[in-house]
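Student: I've got a model open and want to check the labels against their cut-offs. Can we go through a few?

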Amino acid sequence: MRAIPVASVALLGVAVLSACAPAGAAGSDTFGFTVRPATVAPGGEVTLGVGRGAAGCRGRVTVTSPVFDTVTIPRHESSATARVDRDARPGAVYRVAFACKERSATVDLTIAGGGSHRPTPEPHHSKGVHAGEGGSIAGFDLKQIGLGALLVAGSVGTAHHLSRRRSGERGA
């Protein structure tokens, strides 16, 4: 009958570990680069956002696009605005490039108007490989790891204590 308490402790440990997984492990955009609205009229304004959480960019962010002037988001801000050029082609899709010292990404911005056809993307000019931290150590935070280990150890210890106490009550 010892298998049931051991299985309970193992299942509880697995549940706690899955709850401690970072949000980025679920496939979300952990960098948090955004352009809102995603579709804008020529001459319109867009808000450029950057995630400042544990996995996001911590420094200054430079945002470039062929459809607006270069914008810099200071390290203590999480967004900035840009005005789209009035001569932007209706129906075109432009790439908006976000560059932080440790991360970079692109987001598409669609210009409203034009026909009902699918927009043609602007040509993308690659600037080579951006080598960096990679997924294995990006966002490494000792406080979060320590807290997660403490939660796991506490839940396993509590489950073990409760299972021992219950088995002792039955035998008495």
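Student: Which residues form a nonpolar patch on the surface?

Tutor: Leu147, Leu150 and Leu151, with about 310 Å² of accessible area together. Patch residues need over 30% relative accessible area and no salt bridge, and nonpolar side chains are joined within 5 Å. Bear in mind that this is a predicted model, where local features need pLDDT of at least 70, side-chain atom pairs count only at pLDDT 80 or more, and totals for chains, interfaces and linings use all residues. Residues are numbered from 1 along each chain as its sequence is written, and side-chain values use heavy atoms, with hydrogens and water left out.

Student: Why is Leu150 called exposed?

Tutor: Its relative accessibility is 59%, and exposed means over 50%, buried under 20%, partly exposed in between (1.4 Å probe, protein chains only). So Leu150 counts as exposed.

Student: What makes Cys57 and Cys100 a disulfide?

Tutor: Their sulfur atoms are 1.7 Å apart, and the cut-off is a pair of cysteine sulfur atoms within 2.5 Å, so the pair qualifies as a disulfide. The structure holds 1 disulfide.

Student: Which parts does the pair tie together?

Tutor: Cys57 lies in the loop between strand 3 (45–49) and strand 4 (61–65), and Cys100 in the loop between strand 7 (93–99) and strand 8 (104–111), so the linked parts are 43 residues apart in sequence. Strands here are DSSP runs (E, at least two residues), numbered from the N terminus.

Student: Are these two cysteines buried or exposed?

Tutor: Cys57 is at 0% relative accessibility, so it counts as buried. Cys100, at 7%, is buried too.

How values were computed:
Patch = residues over 30% accessible without salt bridge, like charges linked within 9 Å, V, L, I, M, F, W, Y side chains within 5 Å. Areas by Shrake-Rupley, 256 points an atom, 1.4 Å probe, with all protein chains shown as cover. Salt bridge = Lys/Arg side-chain N within 4 Å of Asp/Glu carboxyl O. Helix = DSSP H or I, 4+ residues; strand = E, 2+ residues; numbered from the N terminus.
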